[in-house]
Amino acid sequence: MSTIAIYSLKGGVGKTTLTVNLAWCAATLSSRRTLLWDLDPQAASSFLLSNRAAGTKPREQAQSVFAKDVEPEKLIEQTAVARLDLLAADASLRGLDLLFHELDKKKRLQKLLVGLRKNYDRVLLDCPPGLTETSDQVMRAADLIVVPVIPSPLSERALAEVVKHLGAKVEVMPVHSMVDRRRKLHADAIARHPDWPVIPMASQVEQVTVRREAVGSFAPRSAGAQAFASLWQAIERRLAA
Ligand SMILES: Nc1ncnc2c1ncn2[C@@H]1O[C@H](COP(=O)(O)OP(=O)(O)O)[C@@H](O)[C@H]1O
Ligand SMILES: [Mg+2]
């Protein structure tokens, strides 16, 4: 089992969009038994993928997995996508940093992931923004950190900050996100980092939030779907190396 965290210091850079679409690629294109674990109390991935009807959702339980009174398996749900399961977030995760701090267990997330090994080949973590106790747990637990970067000098600075914080502890894969090649700033950034994968700014990708499914399932030939598929292949290659 490999764990891939989709992480950034910043909000609104495409973390959730990447996580949902890459998880779909893992489950569908690579036939991996895949779990999307939503760690962000905003619960955007959970909203996009959860099949549970309102009223049948467990209430404010996401944090109980970390407090250790509930097994992750109890909260995991199937999605409409074959081989893709979801461990949903909810508002209880707002207290996660404090909980990790109080528990003083630096490897709690890592240990929980070990327990999921028999059931999953790939776990994708949709992370909340910021350098926090939660992100420290994520960095210790993940095999690869995918960092969406909207092309701009400020985003590159934020990425440098993360890389500095990590030292050489874990592999980081920056990805240019929401790219519009007609914009000079974007074209310049891509020229500076021609080896970073690119996800284009595209209305089909935006539609993911409306249709609540991965772009690969409703527009498989679109530029967005192709970009997620080739990014996923690059991730698989990196994990195999
Ligand atoms: N490649 C893209 N093309 C068009 N819209 C995008 C793209 N990536 C993300 N978005 C939109 O940008 C907004 C923020 O993306 P989101 O994935 O929620 O970011 P984050 O999880 O980092 O906060 C969402 O409305 C999403 O639909
Ligand atoms: Mg998000």
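These exercises work through the ligand site of a predicted model.

**Exercise 1.** Find which residues come nearest to ligand 1, and which polar contacts they and their neighbours make.

*Solution.*
Step 1. Take the shell. There are 15 residues around ligand 1, and Gly 12, Lys 15, Thr 16, Thr 17 and Pro 200 come nearest.
Step 2. Look for N or O pairs within 3.5 Å. An oxygen atom of the ligand lies 2.6 Å from a side-chain N or O atom of Thr 17. An oxygen atom is also 3.0 Å from a polar backbone atom of Gly 14. At Pro 200, a polar backbone atom is 2.8 Å from a nitrogen atom of ligand 1.
Step 3. Check the burial. Ligand 1 taken alone exposes 550 Å², and the protein buries 79% of that.

**Exercise 2.** Identify the elements that build the shell around ligand 1, and its make-up by class.

*Solution.*
Step 1. Locate the site. Ligand 1 takes the space of the largest pocket.
Step 2. List elements that give two or more residues: helix H1 (15–28), strand S8 (198–200) and helix H10 (203–206). H1 gives the most, with three residues.
Step 3. Sort by class. The shell holds seven nonpolar, six polar and two charged residues.

**Exercise 3.** Describe the largest pocket by volume and lining.

*Solution.*
Step 1. The volume is about 490 Å³.
Step 2. The lining has 25 residues; Gly 14, Lys 15, Thr 17, Met 178 and Thr 209 are closest to the pocket centre.
Step 3. At least two lining residues come from each of H1, helix H2 (44–49), strand S7 (171–179), S8, H10 and helix H11 (208–211). H1 supplies the largest share, four residues.
Step 4. By class, the lining has 14 nonpolar, eight polar and three charged residues.

How values were computed
Residues numbered from 1 in each chain as written. Chains lettered and ligands numbered in written order. Predicted model: local features only at pLDDT ≥ 70, side-chain atom pairs only at ≥ 80, totals over all residues. Heavy atoms only, no water. Near = heavy atom within 4 Å. Polar contact = N/O pair within 3.5 Å; in protein donor to acceptor, adjacent residues only side chain to side chain. Areas by Shrake-Rupley, 256 points an atom, 1.4 Å probe, with all protein chains shown as cover. 1 Å grid on protein atoms, 1.4 Å probe; cavity = no way out; pocket = protein on both sides within 12 Å on 5 of 7 lines; lining within 4 Å. Sits in = over half its atoms within 2 Å of the grid points. Nonpolar A, V, L, I, M, F, W, Y, C, P; charged D, E, K, R; others polar. Points joined across faces, edges and corners; volume = space filled by probe spheres on them.
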